[in-house]
Amino acid sequence: MAVAQYATKAILESAQQSNPADIEFRNVGRIFKSRNGTVEVLRDFNLTVRKGEFLAIVGPSGSGKSTVLNLLAGLDIPSTGAVSCHSKAVTGVNSEIGYLTQHDSLLPWLTVEQNIAVPLEIRNVAKPERSRRVREMIANVGLSGFEQYHPSRLSGGMRKRAMLARTLIYDPPTLLMDEPFGPLDAQLKLVLQAELLRLWNATGKTVVFVTHDIVEAITLADRVIVLSQRPSRIKLDEKISIPRPREVHDVRFAPGFEDHYRRLWGAIEFDSAGQRQ
Amino acid sequence: MTIRETLQRESSVSGKHSFDFVWLYRALFLLILLGVWQAASGPLLDPFWFSSPSAIGATLAKWTWTGVLQHHLFVTFKETITGFVFGATFGVLLAFAVGSSDILRRTIDPFITAIYGVPKVALAPLFIMWFGIGLAPKIVLAGVSVFFLVFFSTLSGIAQVDQRMVHALRTMGADRLTVQRRVVFPAALPWVFTGLKLGLPYGFVGAVAAEMMASNAGIGFLTQNAAGQLDTAGVFAALFALMIVTALLNEGLGAHERWLFRWR
Ligand SMILES: Nc1ncnc2c1ncn2[C@@H]1O[C@H](COP(=O)(O)OP(=O)(O)O)[C@@H](O)[C@H]1O
Ligand SMILES: [Mg+2]
């Protein structure tokens with residue numbers, strides 16, 4: 001058992017180390033200047049994510065997790081340093097990623113169905129195929145029956161699921177997800193986590209996943225990084241040794257889970273002075 | 001969307017039953033208003049200066065019977081609607097052209113604001129000089145009045161589009177045109193409607209003002225003509241007819257608006 005586990009881990013690690021870097025932050029700094037003063041969010045931030053890797057980011061609220069994803073998506077530009085994605089410098093809006101943002105960005109004047117179809121429309125996918133894929137995706141995220149609803153009539157969790165469907169439907173090679181399952185109930189969270197893992201297994205996408213749920217981070221990721229408080233650096237870089245395939249509902253009983261949990265919790269707790277996120 | 005409209009929309013959601021009563025209250029309010037006027041006319045107010053609802057009603061009935069009212073109303077209506085269509089079209093098109101570039105918008109914004117500050121009615125003599133005394137100066141004045149309101153409203157709608165939606169579409173790979181069509185246009189549409197609804201009465205004001213200065217037809221002519229004969233009932237009757245037309249048209253616009261934005 002222990003040997004097998006060790007072997008799996010070794011294979012996993014060697015496989016990932018041999019993969020080329022998909023995402024790179026080199027000495028990135030980001031300072032926001034406003035009338036109320038300046039906020040230095042990132043300083044000398046370095047991060048490499050390999051192709052096909054599932055990376056989770058946890059950290060206190062306001063530590064710059066969303067900023068990291070915005071920089072990757074090209075919606076924000078670093079004050080210093082450089083960000084690259086798929087071996088190209090990110091200089092403008094990066095359309096090679098799928099970005100599930102923390103805030104709601106569904107178009108309120110379109111129905112669920114129309115919203116999810118937008119990326120396919122942009123790619124000029126023919127109508128019959130478009131509606132087939134939209135229908136499939138809606139079923140996958142459990143929104144069947146709500147196709148004709150406008151976002152204003154959906155709950156927060158349902159809107160998140162519609163956004164998830166809109167991000168997954170065009171099959172981007174790299175996924176950025178900012179607390180995507182935050183407002184969902186525990187049951188649905190597990191279902192969607194399992195769905196995400198299945199998709200990741202099948203497609204080998206690179207995933208950068210921001211969450212405030214340590215259990216979720218361990219369950220899903222190959223590697224979890226903990227951000228310190230501003231100006232942020234990587235406080236802990238934890239490789240998750242739990243073998244795959246993983247079952248989302250019993251990862252927490254896997255050997256090794258306890259240790260990961262304790263270390264991650266400790267790293268977050270230490271910095272946030274009683275205010276964990 | 002004005003605060004009043006927002007409040008109305010909310011109250012009509014919470015109180016479905018009170019909706020029908022509101023019309024009853026409005027009718028009662030109108031009746032009381034007219035009743036007080038009628039009662040005061042004579043003992044308190046000199047009917048020569050202030051007329052009375054019954055005299056105004058009689059004038060309206062007479063004008064309708066002879067076809068005078070329809071004729072003049074139609075002239076004003078034609079001028080206003082033509083001006084409205086031209087002004088609104090140019091207002092929307094120009095707002096989208098200017099709004100497509102942040103630099104362009106910020107460059108010409110102060111100039112437009114300065115021109116906007118000029119009372120449009122003051123342009124009437126100029127337009128009459130340029131275009132004569134036919135329909136043209138009235139249409140132009142109505143059009144200019146509508147143009148500015150629609151242009152301004154649309155432009156501020158475009159400036160307030162939620163950039164996060166724009167970003168979401170850009171990361172999905174949308175080009176500028178798709179972003180305009182899918183995000184900017186639908187987001188600005190409620191503002192276009194606010195501009196149209198504000199602009200319509202101003203269109204009438206423009207047309208009527210130009211009519212009062214030089215014309216032989218239209219509601220402006222009718223009031224001017226009645227005033228010239230010291231016929232206060234006639235002045236009120238003409239204005240009253242105009243009020244009804246404006247209110248009906250606004251109600252029609254509002255119905256379209258509610259249908260168009262049923263997603264809210
Ligand atoms: N556009 C911006 N302008 C000014 N300050 C910003 C901006 N974006 C983020 N910040 C600040 O940067 C810090 C980190 O924000 P964020 O990356 O959203 O944190 P997290 O996602 O970890 O909660 C916060 O203090 C926030 O106020
Ligand atoms: Mg965040």
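**Metal site and sheets**

A: Start at the magnesium ion (ligand 2): Ser66(A) through OG and Gln102(A) through OE1 coordinate the ion, at 2.1 to 2.2 Å. Donors are N, O and S atoms within 2.8 Å of the metal (3.2 Å for Na, K and Ca), and water is not among the atoms, so sites may look incomplete.

Q: Before we go on, what sort of model is this?
A: This is a predicted model, where local features need pLDDT of at least 70, side-chain atom pairs count only at pLDDT 80 or more, and totals for chains, interfaces and linings use all residues. Residues are numbered from 1 along each chain as its sequence is written, chains are lettered from A and ligands numbered from 1 in the order in which they are written, and side-chain values use heavy atoms, with hydrogens and water left out.

Q: How accessible is Gln102(A)?
A: Gln102(A) is partly exposed, at 40% relative accessible area. Ser66(A) is partly exposed too, at 23%. The cut-offs: buried is under 20% relative accessible area, exposed is over 50%, and partly exposed is in between (1.4 Å probe, protein chains only).

Q: And helix 2 of chain A, how many of its residues are buried?
A: 7 of its 9 residues are buried, so helix 2 of chain A is mostly covered. Among them are Lys65(A), Val68(A) and Leu72(A). Just after helix 2 of chain A comes Gly74(A), with a positive phi of about 75°.

Q: Which strands does helix 2 of chain A lie across?
A: Helix 2 lies across strand 1 (21-34), strand 2 and strand 4 of chain A, and runs at about 115° to strand 1 of chain A. Contact here means heavy atoms within 4.5 Å. Axes are lines fitted to C-alpha atoms, for helices over the stretch in contact, and angles run from 0 to 180 degrees between N-to-C directions.

Q: In what order do the 4 strands of the open sheet in chain A come?
A: The order is 2-1-4-5 in chain A, with antiparallel pairing. Strand 2 (37-50) and strand 5 (88-89) of chain A stand at the edges with a single partner strand each, so one side of each has no neighbour in the sheet. Two strands pair if DSSP finds at least two bridges between them.

Q: How many bridges join strand 1 of chain A to strand 2 of chain A?
A: There are 10, and the two strands run antiparallel. A hairpin links strand 1 of chain A to strand 2 of chain A through 2 residues. Strand 1 also pairs with strand 4 of chain A, antiparallel, over 5 bridges.

Q: What stands opposite Phe25(A) in strand 4 of chain A?
A: Val83(A) does. In strand 2 of chain A, the bridge partner of Phe25(A) is Leu47(A).

Q: Now the sheet with 6 strands. What is its order?
A: This open sheet runs 6-7-8-3-9-10 in chain A, and its pairing is mixed. Strand 6 and strand 10 (234-239) of chain A are its edge strands, each pairing on one side only.

Q: How do strand 3 and strand 9 of chain A run, parallel or antiparallel?
A: Strand 3 (residues 54-58) and strand 9 (residues 223-227) of chain A run parallel, joined by 4 bridges. Ile57(A) stands opposite Ile225(A) in strand 9 of chain A.

Q: New topic: how many aromatic pairs are there over all chains?
A: The structure holds 20. In one of them, Phe146(A) and Tyr149(A) are edge-to-face, 4.9 Å centre to centre with 70° between the planes. Rings of Phe, Tyr and Trp (its six-membered ring) pair if their centres lie within 6.5 Å; planes under 30 degrees apart count as stacked, over 60 as edge-to-face and the rest as tilted.

Q: Why is the pair of Tyr261(A) and Trp265(A) stacked?
A: Their ring centres are 6.3 Å apart and their planes are at 15°, so the pair counts as stacked. Tyr261(A) and Trp265(A) are 4 residues apart in helix 8 (residues 257-272) of chain A, about one helical turn.
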